[in-house]
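I opened this structure to take notes on its fold, its core and its surface. My entries follow in the order I looked things up.

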Amino acid sequence: MQRIVISAISGGLFGAGLLVSGMTDTNKVQGWLDVFGVWDPTLAFVLGGAILPMLVAWHLTTKRAVSLVGNPFPSKPDPRLGHNLIIGSVLFGAGWGLAGLCPGPAIASLSWGGTGGIAFILAMIAGMLVAPALRLRIDRIATI
């Protein structure tokens with residue numbers, strides 16, 4: 001139960017932060033990504049501000065073996081750049097640039113009735129269903 005409460009509070013804070021910061025406004029996000037057009041640098045503060053809490057969180061996890069609810073912390077990610085990371089980053093960035101949404105803001109946008117968020121989430125679910133088979137094919141090609 002404690003895990004559900006902490007997850008709900010964390011998700012609510014994250015969603016509220018996305019709404020307040022403008023990350024659910026597709027025009028603002030696309031303005032941030034349009035560096036050669038009418039560039040809107042305000043989201044740099046949002047993205048930069050996310051680094052500080054994460055630095056604190058990583059520092060705190062090095063001193064603990066388990067989370068507040070008793071789950072072990074995940075290991076640090078592999079610092080090497082592999083084909084899965086590069087392909088995933090390109091697809092994420094392309095989707096973010098084209099739609100102006102990524103998964104978190106798309107879910108948060110549902111709270112104000114954005115039809116773009118619904119379309120995005122349906123496309124995201126379709127991608128999640130296709131991804132495992134596609135990843136196997138890409139992994140086979142990458143090892144050749």
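These entries go from the whole chain to single residues.

**Overall fold.** I am working with a predicted model. I started with the secondary structure and found 6 helices and 0 strands in the chain. From the N terminus on, the order reads α-α-α-α-α-α. I then took the extent of the C-alpha trace: about 45 × 45 × 30 Å along its principal axes.

How many of the residues count as buried? I got 17% of the 144 residues of the chain. The chain exposes about 10500 Å², and carbon and sulfur atoms supply 74% of that area. Next I turned to contacts between residues at least 6 apart in sequence; 45% of these join residues at least 24 apart.

**Core.** Which residues make up the largest nonpolar core? I listed 8 residues: Leu18, Met23, Val29, Trp32, Leu43, Trp96, Cys102 and Ala108. In soluble globular proteins, nonpolar side chains tend to be buried together.

**Aromatic pairs.** I searched the whole structure and found 2 aromatic pairs. One of them joins phenylalanine 92 and tryptophan 96, with 6.3 Å centre to centre and 35 degrees between the planes, so I logged it as tilted, a class that runs from 30 to 60 degrees. Both residues sit in helix 4 (residues 83-99), and because they are 4 residues apart there, about one helical turn separates them. Tryptophan 96 has 12%, so it counts as buried, the limit being under 20%.

**Surface patch.** I then looked for nonpolar side chains at the surface. Met1, Ile4, Val5, Ile9 and Leu13 make a nonpolar patch of about 570 Å². Methionine 1 lies in the segment before helix 1 (2-21). Its relative accessibility is 75%, so methionine 1 counts as exposed.

**Arginine 137.** My last entry concerns helix 6 (residues 115-142), where arginine 137 is placed. Arginine 137 has a relative accessible area of 56%, so I noted it as exposed.

How values were computed
Residues are numbered from 1 along each chain as its sequence is written. This is a predicted model: local features need pLDDT of at least 70, side-chain atom pairs count only at pLDDT 80 or more; totals for chains, interfaces and linings use all residues. Side-chain values use heavy atoms; hydrogens and water are left out. Patches are made of residues with over 30% relative accessible area and no salt bridge: like charges are joined within 9 Å, nonpolar side chains (Val, Leu, Ile, Met, Phe, Trp, Tyr) within 5 Å. Accessible areas come from the Shrake-Rupley method with a 1.4 Å probe; for residues, only the protein chains shown count as cover. A salt bridge is a side-chain nitrogen of Lys or Arg within 4 Å of a carboxyl oxygen of Asp or Glu. Helices (H or I, at least four residues) and strands (E, at least two) are DSSP runs, numbered from the N terminus. Buried means under 20% relative accessible area, exposed over 50%, partly exposed in between (1.4 Å probe, protein chains only). A nonpolar core is a set of buried Ala, Val, Leu, Ile, Met, Phe, Trp, Tyr and Cys residues joined through side-chain atoms within 4.5 Å. Rings of Phe, Tyr and Trp (its six-membered ring) pair if their centres lie within 6.5 Å; planes under 30 degrees apart count as stacked, over 60 as edge-to-face and the rest as tilted. Contact means heavy atoms within 4.5 Å.
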